[in-house]
Amino acid sequence: RARLPSSSTPKRRMRKDVRILLVGEPKVGKTSLIMSLVSEEFPKVVPYRAEEITIPADVTPEKVPTHIVDYSEAEQTDEQLFQEISKANVICIVYSVNNKTSIEKATVRFRCHVLLNKMLCMWFRVPLILVGNKSDLVEHSSMETILPIMNRYSEIETCVECSAKNLKNISELFYYAQKAVLHPTGPLYCPERRDMKSLCVKALTRIFKVSDLDNDGILNDNELNFFQRTCFNTPLESQALEDVKNVVRKNLSDGVCDNGLTLTGFLFLHTLFIQRGRHETTWTVLRRFGYDDDLELNQDYLFPPLKLPPDCTTELNHNAYLFLQSIFDKHDKDRDCALSPEETSDLFDVFPYMPWGPDVNNTVCTNDQGWITYQGYLSQWTLTTYLDVQRCLEYLGYLGYSIIAEQESQASGITVTRDKKIDLQKKQTQRSVFRCNVFGDVGSGKSGFLQAFLGRNHMRQKTIREEHRSYYAISTTYVYGQEKYLLLHEVSPDFDTLSDADLACDIVCLFYDVSNPYSFEYCATVFKQYFMDSKVPCMMIAAKSDLPEIKQMYGCSPLEFCRRHKMPPPQSFTCNTAAAPSRDIYTKLTTMAMYPHVCQADLRSSTFWLRASAGATVCAVLGFAMYRVLLKPR
């Protein structure tokens, strides 16, 4: 399931348009500023108030439609002013630089707006800009009076002096107003501490770690160039790259290491950008990596549209597997083909929470130390994609899939399989993941069956803590030399709790304990109630076959029951072995799931099963060996 925001507070996304409101005392030139911008000349006749104008996106520096709104005390009421302020994205408070009284009144008006901001903006503030007009009438600047106010109040994005008469700084004024909305300073920087805010540091730290492709703690020239191309669509020249590092070296002793940029250096550069008024650079980076104006990952970024028709499933495609392999390789520092707890924690450091709990270690293959192996790692991603594709999209978003793999979104890494009914009609499938639901009465051995699939015998299963137990197990099997994933799901034995998901699968596994005379009755009941008229293939498993077999207290034997209902004969199984349990039964299940149309005569044929499982061991060993070989040159 998609993780929704924990608060009902509305989230700010990047604006699709900008609304600028001009306020101030009468005769300070608010209307003249607007008319001079539009006509590019000083108006001879100035009305009390200019009508709202809209500047098209293609003529604005930021390529965003901009609405400019004038306010006049002579024509409008305080209530109308309140309404306009509530709709504005940025407010320009205009004063006359040649009138000391105007400056004082602007200061009073500003303080009123700060108070109003606090009343209106319980969730987010409206940025303010102080605008000194009529600079053509004086030779001095009003900045000595204005700057202390700007430094005192963080609501003020900037101050600018201009002249509507000679068009000085008119375009710049409205550019700064746009910039205050689209690239606000407030979420990034604390002027009192002269440092970036913690949320900004957290976001940039994630961006650094995603961009550090080899996980060595520095961004080398190749990684910096990839980062530059990703964010700004242009590479850095060698000299420009060296100049950037020299700026960091000059200011920090630990900002550059082995001729690469450290996290400290990376954060320093962005602090410098912000302090020099180039915070649009930092915002460009943040938005490219999915952040909204609140410095949280945008829901549109984490959950891109993905159409999933009924009776279709979701799988990772080749590009997504390649990306996930590179992520594993990046964090498997000791090259043992498994992720230690420290390596796993490092991998998920770019997530806002730890996505995998201890149950994952009992869902996929692990090594003797209980660490998730390379195969287990890919299996868990496969399971997440199959069971909860929205969560998979979210996870890939945290890892930066669309950026590192240079794809439009995480959705490009997902394959939506065709309708299963078409597979049945064509008698073939292109799917790689098959779901087997395991039914059986309490104590029949279902959990042991799932763990045996992961190579764990009965003795090893005893070490699993109850609170870390998993009702899923997934691993690879090989059918006719093709690698496929088999996903086992242990279904609750309570009939009243069975859901559609418990019944929707590619194959059903009916489990009974040969040493319990009443165990088979449950399997027969489940089959007759839910699957007798279904096209889903079923297999009967005679579990705990190492124990003496006892006659089942049912109207017919399990073998006869299977014969009557055209099922394969019961398959013996035990996990009470010295070595890892046999995997033959899992290959049979996968084969039946792949070929549900195969007639029962073929399923009873030993030749059929031998053909299906041929090459499985060779493929498994070869696949693991190839991964080890590929690691060596890295």
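Analyst: A residue is buried under 20% relative accessible area, exposed over 50%, and partly exposed in between (1.4 Å probe, protein chains only). This is a predicted model, so local features need pLDDT of at least 70 and side-chain atom pairs pLDDT 80 or more, while totals for chains, interfaces and linings use all residues. Residues are numbered from 1 along each chain as its sequence is written, and side-chain values use heavy atoms, with hydrogens and water left out.

User: How many salt bridges does the count come to?

Analyst: The rule asks for a side-chain nitrogen of Lys or Arg within 4 Å of a carboxyl oxygen of Asp or Glu. Among the pairs, Arg335 bridges to Asp329 with the closest N and O atoms 3.2 Å apart. There's also a network that links Arg418, Lys420, Asp423, Arg431 and Asp506. The count by this rule is 23.

User: Lys245 and Asp221 are how many residues apart in sequence, and which helices hold them?

Analyst: The closest N and O atoms of this salt bridge are 2.7 Å apart. Helices here are DSSP runs (H or I, at least four residues), strands are E runs of at least two, and both are numbered from the N terminus. The pair ties together parts 24 residues apart, because Lys245 sits in α8 (residues 238–251) and Asp221 in α7.

User: Where does Lys544 lie, the partner of Asp513?

Analyst: Asp513 and Lys544 form a salt bridge, with the closest N and O atoms 3.4 Å apart. The two are 31 residues apart, with Asp513 in strand β19 (residues 507–513). Asp513 is buried at 6% relative accessibility, whereas Lys544 is partly exposed at 27%. Lys544 lies in the loop between β20 (538–543) and α22 (558–564).

User: Which helix gives the most to the lining of the largest cavity?

Analyst: A cavity is a set of points, on a 1 Å grid over the protein atoms alone, where a 1.4 Å probe fits but cannot get out, and lining residues have an atom within 4 Å of a point. Points are joined across faces, edges and corners, and the volume is the space filled by probe spheres set on them. The search finds 1 cavity of 30 Å³ or more, lined by Ser211, Glu223, Phe226, Phe227, Phe289, Ile403 and Ile404. Two elements give two or more residues, α7 (221–232) and α16 (401–404), and the top contributor, with 3 residues, is α7.

User: How many residues of that lining are nonpolar?

Analyst: Ala, Val, Leu, Ile, Met, Phe, Trp, Tyr, Cys and Pro count as nonpolar, Asp, Glu, Lys and Arg as charged, and the others, Gly among them, as polar. The lining has 1 polar residue, 1 charged one, and a nonpolar count of 5.

User: How many residues of helix α18 (residues 446–453) are buried?

Analyst: The buried residues include Phe449, Leu450 and Phe453. α18 is largely enclosed by the rest of the structure, because the buried count, out of 8, is 7.

Definitions and conventions:
On a 1 Å grid over the protein atoms alone, a cavity is a set of points where a 1.4 Å probe fits but cannot get out, and a pocket is an open set with protein on both sides within 12 Å along at least five of seven lines; lining residues have an atom within 4 Å of a point.
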